[in-house]
Amino acid sequence: MNELLMEASRWARVAEQPLPGGYEGFYAPGLDLIVLDSRLTDVQRRCVLAHEISHARHRDAGCRCDRWAERRADMEASAMLISPLEYAYAETVYDGNIMGMARELNVLPWVITAYRERLHDDPRLVVQ
């Protein structure tokens, strides 16, 4: 988590507070601020912070600004959170089961899905 906080500090300040239902975090571009829901678990916090770091890097405006920015944020978060070797190991051990892989890699299932999209988009990332 410390590495993610250091990366976040390059782009924005990070704060935590209870957020209204349905929101786990957001990036406020005018304030250069990432806000995370203070009730998140450690795994949720890591994943949501990585996602919001992507929005901060690109200065995306507004919550759920558009599906392309959300997809990019998910894919960039997956790159921050998963190493190719660890992914290859989890893929083999759990025979592609997303829930098992997510538990093994200490991420949420959507991060596994985004990582798979990265592999689809750039097959050079596959570890042989």
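Q: Let's start with the strands. In which sense do β1 and β3 pair, and over how many bridges?
A: This is a predicted model, so keep that in mind as we go. Here β1 and β3 pair in the parallel sense, and 5 bridges connect them. To find a spot on that pairing, look for Val-14, which stands opposite Ile-34 in β3.

Q: And how does β2 run relative to β3?
A: Those two run antiparallel, with 4 bridges joining β2 to β3, residues 33-37. For a landmark, take Gly-25, which sits opposite Leu-36 in β3. The link between the two is a hairpin: 4 residues lie between β2 and β3, and Asp-32 in the turn has a positive phi of about 50 degrees.

Q: Okay, so what is the order of the strands in the sheet?
A: Read across it and you get β1-β3-β2, an open sheet of 3 strands with mixed pairing. The edges belong to β1 (13-17) and β2 (25-28); each has a single partner strand, so one side of each has no neighbour in the sheet.

Q: Which way do the side chains of β3 point?
A: General idea: in a regular strand, side chains alternate between the two faces of the sheet. Now try it on β3: Leu-33, Val-35 and Asp-37 point one way, while Ile-34 and Leu-36 point the other.

Q: Are those β3 residues buried or exposed?
A: The cut-off for buried is under 20% relative accessible area. In β3, 5 of the 5 residues are buried, so the strand is largely enclosed by the rest of the structure.

Q: Which helix lies across the strands?
A: That's α2, residues 42-58. It lies across β1, β2 and β3, and runs at about 160 degrees to β3.

Q: How do I describe two helices that pack together, say α4 and α5?
A: You describe two packed helices by the angle between their axes and the distance between the axes. Here α4 (residues 84-93) and α5 (residues 98-105) pack at about 140 degrees, and their axes are 9 Å apart. The cut-off for roughly antiparallel is over 145, and α4 and α5 are therefore oblique to each other. Their crossing is right-handed.

Q: Which residues in α4 and α5 meet?
A: On the α4 side you'll find Glu-86, Tyr-87, Tyr-89, Ala-90 and Glu-91; on the α5 side they meet Met-101, Glu-104 and Leu-105. Sort that contact by class and you get 5 nonpolar residues, 3 charged ones and no polar ones.

Q: Now the loops. Where is Arg-10, and is it buried or exposed?
A: Arg-10 has its place in the loop between α1 (2-9) and β1. Exposed starts over 50% relative accessible area, so Arg-10, at 56%, is exposed.

How values were computed:
Residues numbered from 1 in each chain as written. Predicted model: local features only at pLDDT ≥ 70, side-chain atom pairs only at ≥ 80, totals over all residues. Heavy atoms only, no water. Pairing = 2+ DSSP bridges. Contact = heavy atoms within 4.5 Å. Axes fitted to C-alpha atoms, helices over the stretch in contact; angles between N-to-C directions. Parallel < 35°, antiparallel > 145°, perpendicular 65-115°, else oblique. Left-handed = near helix turned anticlockwise from the far one by under 90°. Nonpolar A, V, L, I, M, F, W, Y, C, P; charged D, E, K, R; others polar. Buried < 20%, exposed > 50% of the residue type's maximum accessible area, 1.4 Å probe, protein only.
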